[in-house]
Each structure stands twice: as C-alpha cells, then as structure tokens.
Amino acid sequence: AILVAAVFVSSAVQAATTAVNGYAWSDNIGWIDMAPASGGVAIDNSTGSFSGYAWSDNIGWIDFGPTSGFPSSPSYGAKLDSISGQVSGWAKAVAGGVAGWDGWISMRGTSPAYGVNVDKTTGAFSGYAWGADVVGWVDFSKVTTSAVTPPPPPPVAVIVPKTEFS
C-alpha cells in the first residue's frame with residue numbers, strides 16, 4: 001500500500017500591517033505626524049492599502065484610508081503598489097482647523113506630475129502629495145517604514161510518497 005503525507009512548508013508569519021513613521025511637511029499647515037500617540041498610519045502588507053490617521057496641529061486628523069466621497073479618480077484611499085513603490089489614491093483631512101472643513105489630499109497626479117513613492121529596499125518615502133483646499137504641497141521625505149516587501153507566497157503542499165513493504 002502507498003501512504004501519502006502532506007507536509008506544509010511555510011515561511012515565518014509576517015505582520016498584517018507595517019507602521020508608517022516620521023513627519024510629512026506642508027508649508028501651509030506645518031508638520032504632519034504619521035505616528036501620533038493616539039492614532040497612526042499603517043500599510044496592509046498584502047493589499048498595499050493605507051489605514052489609520054495622521055495628526056496635524058493646524059488641521060487635525062488626516063485619514064489615510066477613506067472609503068467614499070472621493071473628488072475624482074482613483075476612487076480609493078492611499079495605496080502602495082509593492083512592485084513600483086508608487087503611492088496613489090487619497091487621504092482626507094477630516095474636520096480640521098476650519099469648522100466642518102474636509103479636504104482631500106491626492107497622493108499622485110499628472111498636471112503637474114507629482115507623487116509619493118516608497119523605496120522598496122529601505123522603506124524611505126519620497127516625493128510630494130497635493131491638497132488643493134488648504135494643505136498645499138506635502139513633502140514625504142521625512143517619512144519611513146520598514147523595508148516594503150511583497151507578502152510571502154502561501155504555504156506549498158509537498159506530497160511525500162511513503163511506501164510500506166510487507
């Protein structure tokens with residue numbers, strides 16, 4: 001008779017998200033803390049989607065994972081492409097310094113060409129985002145995270161035939 005055993009080979013379990021650290025800078029609103037004490041921005045390691053909130057002393061919370069109401073395409077919150085290192089999508093300043101004001105921050109655009117990028121080896125951010133209403137240009141050069149790597153492949157089933165001799 002032949003017995004078959006399935007052995008699952010798995011790499012180390014990877015954290016579900018990677019924290020974003022440091023400060024972005026806007027000449028209009030000052031420093032934006034990506035990891036405040038009661039909040040923080042993270043990147044989902046499998047989808048590249050950002051989540052969480054950054055803090056600005058001048059406009060309040062900035063949501064990096066909004067889910068609706070986008071002013072134009074693309075219709076999603078900030079998202080990292082793990083192959084190119086480019087960040088696209090939107091962040092949203094929610095009820096900032098002006099009563100009831102909500103402002104959108106575009107992570108990538110074409111006129112003029114701009115965008116936020118993440119170095120896949122070092123995790124260092126670079127480039128600019130744009131917030132038309134109040135925020136203006138946002139420099140991400142002082143923002144970092146752990147090196148961004150694609151998620152590990154799923155476990156592979158290895159079939160090991162086992163024979164019994166009688």
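In the predicted model, Asp-63 is located in strand β6, which spans residues 60-63. Asp-63 counts as buried because its relative accessibility is 12%, under the 20% cut-off. Beyond its neighbours within four places in sequence, Asp-63 contacts Gly-52, Tyr-53, Ala-91, Lys-92 and Val-94. The C-alpha atoms of Asp-63 and Ala-91 are 5.5 Å apart, although 28 residues separate the two along the chain. A polar atom of the Asp-63 side chain lies 2.8 Å from the backbone nitrogen of Gly-65.

The largest nonpolar core comprises 27 residues, of which Met-34, Phe-50, Ile-62, Phe-64, Phe-125 and Phe-140 touch the most other members. Two or more residues of this core come from each of β2 (17-26), β4 (40-44), β5 (50-56), β9 (90-94), β12 (113-118) and β13 (125-131). With residues up to four places away in sequence not counted, the residues touched by Met-34 include Val-20, Val-41, Tyr-53, Phe-64, Phe-140 and Val-143. Phe-50, Phe-64, Phe-125 and Phe-140 form one aromatic cluster.

Twelve aromatic pairs are found in the whole structure. The pair of Tyr-23 and Trp-31 is edge-to-face, because the ring planes are at 80°, with the centres 6.1 Å apart. Tyr-23 is partly exposed at 40% relative accessibility, and Trp-31 is partly exposed at 46%. Tyr-114 and Trp-137 also form an edge-to-face pair, with 5.3 Å centre to centre and 80° between the planes. Since Tyr-114 lies in strand β12 and Trp-137 in strand β14 (residues 136-139), this pair ties together parts 23 residues apart in sequence. Tyr-114 is buried, at 15% relative accessible area, whereas Trp-137 is partly exposed, at 37% relative accessibility. Lys-79 lies over the face of Tyr-76, 5.9 Å from the ring centre.

Methods
Residues numbered from 1 in each chain as written. Predicted model: local features only at pLDDT ≥ 70, side-chain atom pairs only at ≥ 80, totals over all residues. Heavy atoms only, no water. Core = buried A, V, L, I, M, F, W, Y, C linked by side-chain atoms within 4.5 Å. Buried < 20%, exposed > 50% of the residue type's maximum accessible area, 1.4 Å probe, protein only. Helix = DSSP H or I, 4+ residues; strand = E, 2+ residues; numbered from the N terminus. Contact = heavy atoms within 4.5 Å. Polar contact = N/O pair within 3.5 Å; in protein donor to acceptor, adjacent residues only side chain to side chain. Phe/Tyr/Trp six-rings, centres within 6.5 Å; stacked < 30°, edge-to-face > 60°. Lys NZ or Arg CZ within 6 Å of the ring centre and 35° of its normal.
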